[in-house]
Amino acid sequence: RMWSDIFLAFAKQNNIYSISLGELHDSALCNNQKIKRRLHMDSLREGAINAKELFGDYTSESKDKIFIYWRSIQEVATAIHKWADANAKIGSVETVMDLTDDSSAKNEIFYKMPIEIVLKACTALQQVGKAQVFYSDNTDTHGVKFFNI
């Protein structure tokens, strides 16, 4: 749990939502040049597995990269729906990519967030009836329609 907390704090401080285990292993977090010590990759993988249980998820079956949810999916979902309501997007269909790139969302927590995380947040909204997600073979064109409940 300690390494998971450290990974989470590192990601939050550096505004990181996804990172490869190799990048993390090479970072100053795991590699202290002053004392010439480095966290062993096995320990890093173990920490990443714990991270998965607490605040993250692997990005693929290869488990070489992780998403780090230093903001909960529910927090992101709430922010997206609030933004949709404030910007007259209720009832309209938006692409998930537009949510992350729309200039009206520049000050929102989901701006420039990985599409996969925003999609999970939209799916959470769908589960409570506040949105409907339209899936596509191309992640750039997944859509979401917002409802006012």
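In strand β5, F67 is the bridge partner of S18. The model is predicted, with local features needing pLDDT of at least 70 and side-chain atom pairs counting only at pLDDT 80 or more, while totals for chains, interfaces and linings use all residues. Residues are numbered from 1 along each chain as its sequence is written, and side-chain values use heavy atoms, without hydrogens and water.

Helices (DSSP H or I runs of at least four residues) and strands (E runs of at least two) are numbered from the N terminus. Strands count as paired if DSSP finds at least two bridges between them. Strand β1 (residues 18-20) runs antiparallel to β5, joined by three bridges. Strand β4 (residues 56-58) also pairs with β5 in the antiparallel sense over three bridges, and here Y58 stands opposite I66. Six residues separate β4 from β5 in a hairpin, where K63 in the turn has a positive phi of about 55°.

Among the buried residues of α6 are I115, V118 and C122. Contact means heavy atoms within 4.5 Å; beyond its neighbours within four places in sequence, L99 contacts residues including I80, F110, V118 and F146. Just after α6, G129 takes a positive phi of about 80°.

Technical notes: Buried < 20%, exposed > 50% of the residue type's maximum accessible area, 1.4 Å probe, protein only.
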